[in-house]
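Here is a structure to walk through piece by piece.

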Amino acid sequence: MNLHKIGVVISREYLTRVKKKSFLITTFVVPILFAALCILPAFLINNIKEKAQSVVVIDNSGIVLPYLEDSDAMDFTDCTGRDPEEVKQEVMDGKSDVMLLISAIDSTRSVSAQTFSRKPTGVDFSQNVSYKINRAVEDYRIKSYGIEGLETIMKDVKSNVSVKEFTLDDSGKATVSESGIYMILSMVLGMMIYMFIAMFGGSVMSSVIEEKSSRVVEVLVSSVKSLELMFGKIIGIALVALTQFALWILLTLVLVFGASTIFGLGDLLSSPEMTQMAQSGMSGVDMSSIQNSEMSVILTTLSNIPWGQLIVCFFVYFILGYLLYASMYAAIGSAVENEADAQQLQLPVTIPLMLAFFIVFFAMRNPESGIVWWGSMIPFTSPIVMLARIPYGVPGWEILVSVLVLLVTFIVMAWASAKIYKAGILMFGKKSTWSDLFKWLKQK
Amino acid sequence: MSIIQCKEICKSFGEKVALDHVSVEVPEGRIFGLLGPNGAGKTTLIRIINRITIPNGGDVLFKGRPITQQDVEKIGYMPEERGLYRKMKVGDQALYLAQLKGMSRQDAVAGLKDWFVRFGIQDWWNKKVEELSKGMAQKLQFITTVVHKPDLMILDEPFSGFDPVNAEVIRKEILRLRDEGATIILSTHNMESVEELCDDIALINKSRLVITGGVADIRRRYGNNNVEIEYTDADGRHTEVLPRETDGNNTLKSFIDKGVTVNSYKELMPRMNDIFIKLVTEGDGQNEPA
């Protein structure tokens, strides 16, 4: 191997890609999307507070009004007794957002309710209001039984039970966890690594095809060994991928922090209320404290995820997974003269990749199932499946074994691919099949 | 001294025999033409010299010893199927190929600038290859083949794709490179350029070597041994073709004695084109005269 020449190949592969417009576009657009995904929900929550809907109520039943308490989202005004048409006109004029019209108690001892508004009120609104009205009607009906000491009884029977999840670590220490977070993280990681391997592996293949179809390859192999050419290409594109990651991470962080400062979200996140919310337990019964405790579980869960391990593993598995698939893609690319012919030939390579993608869905639901365990050990699926497992915690030895198996497989596959590549890149005119590829593999 | 010696090269692709015990010797500092009809095995032989194709038998020697990968990487090779990266800029492309031939970046820039000036194409440097016409791309390809000053250049069909003006430019450059000491192996169908350029040739037909040697020798060998004499008498100018005698003076004398004015006397050399057609249509060249 001539390191100088590999260097020349690597730098061409790297520079031509990094200088492309499409590289710049994906590099800058993706972080904007990421940042938007991070910021938008927080931004919305923050802003919804300020825009409470003003609701004018005409309560003909006389029982509902006491249950309509003002909240962050809703601001009730009693207009009982006024002409509904007149109030409706006020809604039309925009003086208030919604008119809530409650009928008198009917023969079934119930009420009916209608809302009138210029814009749809939203699911939250109608759920919230119907919950309140139902409570009013239920209480009214219970009261009608004339039970003594009702107030006390009602207070006494009220319950609020929710399931609190704990995970046990090796020492038996229990920590609060939220499986939803693991699920999302495991899904996102699995998808990301799948996407990157398919994207950059595919890029190796099209680059090999380009050299072959433009016939530049014959000049190249008279100057460098085919092995140097193949690995120069694979390494060059790997560096492009790493550059892209680094820029994505950097830009996303800059955007998230920048936007937080501009929109004042940073203050919100670090405000004492928030910290308190995060630390508070789950003793509260009212709505807001339930939200608080959810937030605290999310934060605890996030802080319990092995981030360091996750990041190291992400890079190790991405690099090895990419190398494995890139060398296979290079071998396939060498056997065809255009992308269309590659479609059928690459099926045996895309199938394990797709399979890994599906196993990620199993991993999300049940990270301990057999198929997931094997998927995280078998080298063709392990980069993707193992990443999906890691948020749930994976013993170190399993990762080690899985990485070693992957590494050995890569070495064997690289050797085989180099042989196929060497023979394949100079085959012109005839459509190659898998049996040709095996023939080239056996050639001296 | 031979720069390249091919000894008993055999190559077959499955059932099809591409080269059958072909031995060729390329003397150093000369232009060597590799001739043959389409499918004769010229490109296969070139690829074997370049170690792109591995022969089934035979040896390739470079300056008397077995050729190595390092030797091959120094050869300036222009394949028959030209190829450049379409999306790359002309300058980047040329620099890349020159660096792959082992030149440093500075040397490559300097060498390329020289060639670009020589061909008057300095303003192409930042153009994309896909914007070039076929002839322009050919010129670029030629430059990338020779910029690293190789001792040996192998040009497969160097004139295909060039208009007559540019073909002439390339022809002159090939001669200049030879005069500067380089050895050039070229394969071609263009027999006129063989007469003009080549010092030695090898003709391959149907996988076999038909003939090899100096161009002048071969032309003489395949001539009908005739001379052409042109003279003027009272009726005007005449041309006559006569069998050549051992001593040309006798022929001349007989004319002079007739009292005519001899304008010219020359040995009739067959054109390479005719020799080519003759040898190829004769089949495997079994009837080659001794």
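In chain B, strand S4 (residues 57–62) is joined to S5(B) by 2 bridges, and the two strands run antiparallel. Two strands count as paired if DSSP finds at least two bridges between them. Helices (H or I, at least four residues) and strands (E, at least two) are themselves DSSP runs, numbered from the N terminus.

Before going on, some ground rules: this is a predicted model, where local features need pLDDT of at least 70 and side-chain atom pairs count only at pLDDT 80 or more, while totals for chains, interfaces and linings use all residues. Residues are numbered from 1 along each chain as its sequence is written, and chains are lettered from A and ligands numbered from 1 in the order in which they are written.

Back to the sheet. In chain B, 4 strands make an open sheet in the order S2-S1-S4-S5, with antiparallel pairing. Strand S2 (16–27) and strand S5 (65–66) of chain B are at the edges with a single partner strand each, so one side of each has no neighbour in the sheet. Helix H1 (residues 42–49) of chain B lies across strand S1 (2–13), S2 and S4 of that chain, running at about 120° to S1(B). Angles like this run from 0 to 180 degrees between N-to-C directions, and axes are lines fitted to C-alpha atoms, for helices over the stretch in contact.

Now for two helices. The axes of helix H3 (residues 90–100) and helix H5 (residues 134–146) of chain B come within 9 Å and cross at roughly 30°. Being in contact requires C-beta atoms, placed from the backbone, to lie within 7 Å.

Over to chain A, which has 18 helices and 6 strands. Of its 444 residues, 32% count as buried. A residue is buried if 20 or more other C-beta atoms lie within 10 Å of its own, exposed if 12 or fewer, and partly exposed in between, with C-beta atoms placed from the backbone. Strand S1 (residues 53–59) of chain A is mostly covered, with 5 of its 7 residues buried. S1(A) runs parallel to strand S2 (residues 74–78) of chain A, joined by 5 bridges, and A:Val57 is opposite A:Asp78 in S2(A). S1(A) also runs parallel to strand S3 (residues 98–102) of chain A, again through 5 bridges, with A:Ile58 opposite A:Leu101 in S3(A).

How do the chains meet? 17 residues of chain A are in contact with 20 residues of chain B. On the chain A side, H7(A) gives the largest share, 6 residues.

B:Ser207, though, has a positive phi of about 70°. B:Ser207 is buried, with 22 other C-beta atoms within 10 Å.

Definitions and conventions: Contact = placed C-beta atoms within 7 Å.
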